[in-house]
Amino acid sequence: MADGFPDNRLPEHGTEADEVLARMQELRVDDRDWRGGRVFSLVYSAGDQVHELLERAANLYSAENALNTMVFPSLGWMQNDIVTITTGLLGGDRMPDGEGEGVRGFLTSGGTESLLQATKTARDWGRTRRGIDRPNMVLATSAHAAFEKAAHYFDVESRRIAVRSDFTADVDAMADAVDDHTVLMVGSAPSYPQGVIDPIPTLAAIAADRGVLCHVDACLGGFILPFLDRLGYQTKSWDLSVPGVTSISADLHKYGYASKGISVILYRTPELARLQPFITSNWLGGLYGSPSMAGTRPAGPIAAGWAVLQYLGMDGYLRLAEDTHAAATAAKATITGTPGLALRGSPDATVFAFGGDPDDGRIDTFALGDALAERGGWFFDRQSPPDSLHATVHAGHRAVIDELCADLTAVTGELLDSGKRAEDRSTTYGTA
Ligand SMILES: Cc1ncc(COP(=O)(O)O)c(C=O)c1O
C-alpha cells in the first residue's frame, strides 16, 4: 500500500493546497482505475460529463448541512423533488384508487441505511400496532447482507429461507416461516448476488394476507428497471403498483448515476412513513427532529442527486439503460455461448453472476477471475455460495464490452484443459 503522510500525526505546519492534492494523487496509486470500464463493481459511470456535473453540484453544497432544511430551504426542495420523481418511477402513479397520493418518502445515505430504516420501521410498526415484542422478518438467502446488519442493530430475528434452484425467493417456504411475531417479508428487485427479481406479486399477496409488511429492496434495480420496463426488456412486476408492497428502496447512487451517499425509501402510507423520523426534546437543546440515522447530513450528495436527475431526464436514462442492457446482453451471450462457462440462474436485469459451468467442471471460477485480471485488468468481485464472479454492468461498459467478450473467450480456451485452480478461495464484498 502507498504510504500516507509520513509519521501519521497532524503535521506541525500546514501544507500548500497543491501539495496536499499531489499527495492524494500519490496515495491513489493502488486504487482501481474504474474510468476505463474494467471494474464491474462499486462504481457506476454515465460518462465524464455526468461526473463533472456531480462534482460541480456537490461543490456548491460542500459546507451546507441538510439536518435543518429551514435554514437551507433549497435542500428541502431538492429532497422533495427527488422523492416525488422516484415515487413516479417506482409505480406511484400506477397505484389503484389514487393510492399514490399517500406515498411518502425520505432520502438516506445509501442502500444499507434504507434497509436499516425499513427494518426499524417494521419493528416499530409491530411493536405499536400489533404488540409484538420479539419481532422476526422473513427473507430469502439472496436478500442483501444489510438486512443482517439491521437484524443485529434492531434485535429483529432474521429468518433466511433458501432460494429456489433459479435463485429466486421460495415464496411458499417463506409463507411457512411467517408466524405471529413476523413483522416484515422482504423481496429483491433484483437481488445483488445473482441479479434475479423475486416473485414480488405473490410475495406481497402473502404478506397482505398474513397481515405483515412487505419491503421490496430495489436498491440495485430502482433506477434501471423503470427504464428497462419502458424499453420492453423486462416484464416482471416489482414496484409500488403491486398491491401489498408497503415500502420500497432505490439507490440514486447506483443506476441513478449520482455521487455516493444517496438512496430513497418510500412508504405506501403516511401512517407507516411517520414511524421513520426520530423526534425528541429530552435534552437541553430544544426540539430535535431527524428523518434518518445521521444527524448532520451532507448536502453534496443531495445536490448531486438532484442535478443528475435534471441533467439526464427520461431520455437520458433510457439511453443509458439501452447501453447498459446492450453491454450486459453481449457479456451474457458470450458466457452462455462459451463451453465451460455458465451464468448462475437467469438474471433479469444488468447484474449477473457467472463462472465455470458446474456441469462441465473444467473451469475453476476463481482461476477464471484471476486470468481475466491478468489478461485485461478486468475486476469482478468473487462470491459464494456458489462460487461465482459478480458483474454489475453499467452504461460505461458498452465501449469495452467487445474487448471483455474476446478476453473471456480467450482465457476460457487457455484454462479449459489446464486443470488450473486458484489457491486463494476468499470471497469478500466490503471491507473485512
Ligand atoms: C440489492 C441491494 N440492496 C442493498 C444494497 C446496499 O447498498 P449500499 O452499498 O449502498 O449500502 C446493495 C448494494 O449493492 C444491493 O445491491
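Where does Asp155 lie? In this predicted model, Asp155 sits in the loop between α5 and β3 (157-161). Most residues other than glycine have a negative phi, and most peptide bonds are trans. With a relative accessibility of 66%, Asp155 counts as exposed.

You will find Tyr257 in the loop between β6 (247-251) and β7 (263-267). Tyr257, however, counts as buried, because its relative accessibility is 3% and the cut-off for buried is under 20%.

Next, look at two proline peptide bonds. The bond from Ala189 to Pro190 is cis, with omega near -10°, and Pro190 belongs to the loop between β4 (182-188) and α7 (200-210). Ser384 and Pro385 are also joined by a cis peptide bond, with omega about -10°; here Pro385 is in the loop between β12 and β13.

From there, turn to His390 in strand β13 (residues 388-392). His390 is buried, with a relative accessible area of 1%. Its side chain reaches the backbone oxygen of Tyr192 at 2.6 Å. Leaving out residues up to four places away in sequence, the residues that His390 touches include Tyr192, Pro193, Phe40, Phe352 and Phe380.

Tyr192 and Pro193 also lead us to Ser142, as both are among the residues in contact with Ser142 beyond its neighbours within four places in sequence. Arg160, Val163 and Asp198 are other members of that list. Ser142 is placed in the loop between β2 (136-140) and α5 (146-154) and counts as buried at 4% relative accessibility. Between Ser142 and Gly187 there are 9.1 Å in space, C-alpha to C-alpha, and 45 residues in sequence.

Now for the aromatic rings. A pair of aromatic rings is described by the distance of the centres and the angle of the planes. Across the whole structure, a search finds 11 aromatic pairs. One of them is the stacked pair of Phe227 and Tyr317, with 5.2 Å centre to centre and 10° between the planes. Phe227 is in helix α8 (residues 225-231) and Tyr317 in helix α10 (residues 300-337), so this pair ties together parts that are 90 residues apart in sequence. Both residues, Phe227 and Tyr317, are buried.

Phe354 and Phe380 have another geometry: their ring centres are 5.3 Å apart and their planes stand at 85°, so the pair is edge-to-face. Phe354 comes from strand β11 (residues 351-356), while Phe380 is in the loop between α11 (365-376) and β12 (381-383), so to link them the pair spans distant parts of the chain, 26 residues apart. Phe354 and Phe380 are buried. Both also belong to a cluster in which ring pairs link Phe40, Phe352, Phe354, Trp378 and Phe380. Over the face of Trp378 you will see Arg38, at 4.2 Å from the ring centre.

Finally, let us visit the ligand. Of the 14 residues around the ligand, Gly111, Thr112, Asp217, His253 and Lys254 come nearest. Polar side-chain atoms lie 2.5 Å from a ligand oxygen atom in the case of Thr112 and 2.8 Å from a ligand oxygen atom in the case of Lys254. For Tyr429, an N or O atom in the side chain is 3.1 Å from an oxygen atom of the ligand. Taken alone, the ligand exposes 390 Å², and the protein buries 86% of that.

Methods. Residues are numbered from 1 along each chain as its sequence is written. This is a predicted model: local features need pLDDT of at least 70, side-chain atom pairs count only at pLDDT 80 or more; totals for chains, interfaces and linings use all residues. Side-chain values use heavy atoms; hydrogens and water are left out. Rings of Phe, Tyr and Trp (its six-membered ring) pair if their centres lie within 6.5 Å; planes under 30 degrees apart count as stacked, over 60 as edge-to-face and the rest as tilted. Helices (H or I, at least four residues) and strands (E, at least two) are DSSP runs, numbered from the N terminus. Buried means under 20% relative accessible area, exposed over 50%, partly exposed in between (1.4 Å probe, protein chains only). A charge sits over a ring if NZ of Lys or CZ of Arg is within 6 Å of the ring centre and within 35 degrees of the ring normal. A residue is near a molecule or strand if one of its heavy atoms lies within 4 Å of it. A polar contact is a pair of N or O atoms within 3.5 Å; within protein, one must be able to donate a hydrogen and the other to accept it, and residues adjacent in sequence count only if both atoms are side-chain atoms. Accessible areas come from the Shrake-Rupley method with a 1.4 Å probe; for residues, only the protein chains shown count as cover. Contact means heavy atoms within 4.5 Å.
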